[in-house]
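Me: I would like a close look at a single part of this chain. Please keep it brisk.

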Amino acid sequence: MNQHSDQDVDYMASASCFCLASRQAARRITRLYDSYMQGSGIRATQFTILSQLMLRGEMPIGKLAGFLGMERTTLSRNLTLLEGKNWISISAGEDPRARMIAITAQGRGLVRRGFPYWSQAQTHIGKLLGADGQAALKLLGSRNLG
């Protein structure tokens with residue numbers, strides 16, 4: 001990288017940082033989902049983990065982390081809380097180092113109860129984003145940016 005003096009650099013360009021904008025958007029969207037989910041007794045992030053396990057079945061923690069786009073350590077903290085509430089089970093896989101994550105009957109019941117709240121949030125946020133915003137968000141979520 002070239003060394004520049006502060007006079008040569010337009011630091012105002014960082015005000016439109018894509019990383020900052022994406023993090024702000026993610027926090028706002030999550031807060032909005034959480035506000036809708038309040039009546040369900042489950043947070044949006046918990047609903048996301050549980051609903052994906054319900055849809056996709058038991059899987060190793062690494063695969064779940066990759067699918068959710070979460071760091072393994074962050075996911076592990078979340079899973080410990082979910083296991084403590086008996087919403088998931090964590091067991092050793094064929095490889096004892098690979099922990100397998102599965103949703104429990106209690107967790108499935110929670111997804112069923114939470115779904116109408118999530119659906120309302122999804123509809124509201126979809127309207128806020130509009131068709132172009134929804135398409136852009138889905139495209140960014142599906143792209144390998146590495």
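Me: Which residues of α5 are buried?

Reply: First, the ground rules. This is a predicted model, where local features need pLDDT of at least 70, side-chain atom pairs count only at pLDDT 80 or more, and totals for chains, interfaces and linings use all residues. Residues are numbered from 1 along each chain as its sequence is written, and side-chain values use heavy atoms, with hydrogens and water left out.

Now α5. Its buried residues are G107, G109, L110, V111, G114, A121, I125 and G126. Buried means under 20% relative accessible area (1.4 Å probe, protein chains only). Their cover includes α1 (18–37), α2 (44–56) and β3 (99–103). Helices (H or I, at least four residues) and strands (E, at least two) are DSSP runs, numbered from the N terminus.

Helix α5 covers residues 105–142. Its end C-alpha atoms span only 30 Å, whereas a straight helix of 38 residues would span 56 Å. That expected span is 1.5 Å times one less than the number of residues. At G130, α5 bends by about 105 degrees. The bend is the angle between axes fitted to the seven residues ending there and the seven starting there.

The setting comes next. The chain holds five helices and three strands. Along the sequence they follow the pattern α-α-β-α-α-β-β-α. The chain's radius of gyration is 19 Å, well over the 15 Å that the globule rule gives for 146 residues, so the chain is more spread out than a compact globule. That radius is taken over C-alpha atoms, and the rule is 2.2 Å times the number of residues to the power 0.38. Of the 146 residues, 25% count as buried.

Key: Buried means under 20% relative accessible area, exposed over 50%, partly exposed in between (1.4 Å probe, protein chains only). Contact means heavy atoms within 4.5 Å.
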